[in-house]
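The stops below go from one selection to the next.

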Amino acid sequence: MTDAAAASPALELAQVNLARLKFPLDSPELKDFVDALAPVNADAEAADGFVWRLQSEEGNATDVPVFGDDWLIVNLTMWRDQDALTAYMYQGRHREMLARRREWFERVQEAMTALWWVPAGHRPTVAEAEARLLHLRAHGPTPYAFTLRTSFPARGAEPVAVEVPENLGCSA
């Protein structure tokens, strides 16, 4: 390892995605989704490159408030890199759930997913995730907040302070 590599901290990929529910979580319409949460989360935790996920005492994050909107649910995870995240997302039970997302969640205009690099060991908060999403909505993909389609390498990823307009919340 070079001196430069030893001096710079390792980075991990943070990922947030939001979904606007079509129905209450305890409704019959969302039963399949709710029943799949524990197995899908277990698959994630067993996936190569998985680091961490936000969860409440219930073992998922469906009751964690985001943007002050009771109809939004949040998924906030950490991964070794984008390849690990992508490999998990598009296989097995998670892929099956992705295929059914329109049954359970509203289509929205705003970006609902953001990625960003953080120092290894850092665990982002929901407020941090909200700020990254708002930045992405205001500025498009940048090293501060980006998408799977337009990503940025870990090296040189430094946070930037940016004012975000107030009208960039979530709307259906």
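Select Arg100 and Asp32: the two form a salt bridge, with the closest N and O atoms 2.9 Å apart (a side-chain nitrogen of Lys or Arg within 4 Å of a carboxyl oxygen of Asp or Glu). Arg100 sits in the loop between helix H4 (92-99) and H5, and Asp32 in helix H2, so the pair ties together parts that are 68 residues apart in sequence. Helices (H or I, at least four residues) and strands (E, at least two) are DSSP runs numbered from the N terminus.

This is a predicted model: local features need pLDDT of at least 70, side-chain atom pairs count only at pLDDT 80 or more, and totals for chains, interfaces and linings use all residues. Residues are numbered from 1 along each chain as its sequence is written, and side-chain values use heavy atoms, with hydrogens and water left out.

Next, select Asp35 and Lys31, a salt bridge with its closest N and O atoms 2.5 Å apart. The two are 4 residues apart in helix H2 (residues 31-46), which means a separation of about one helical turn.

Then take Arg53 and Glu45, whose side chains meet in a salt bridge (2.7 Å, N to O). Arg53 is buried at 9% relative accessible area, while Glu45 is partly exposed at 38% (buried is under 20%, exposed over 50%, partly exposed in between; 1.4 Å probe, protein chains only).

Finally, go to the loop between E2 and E3 and select Phe67. Phe67 is not a glycine, yet has a positive phi of about 55°. Most residues other than glycine have a negative phi.
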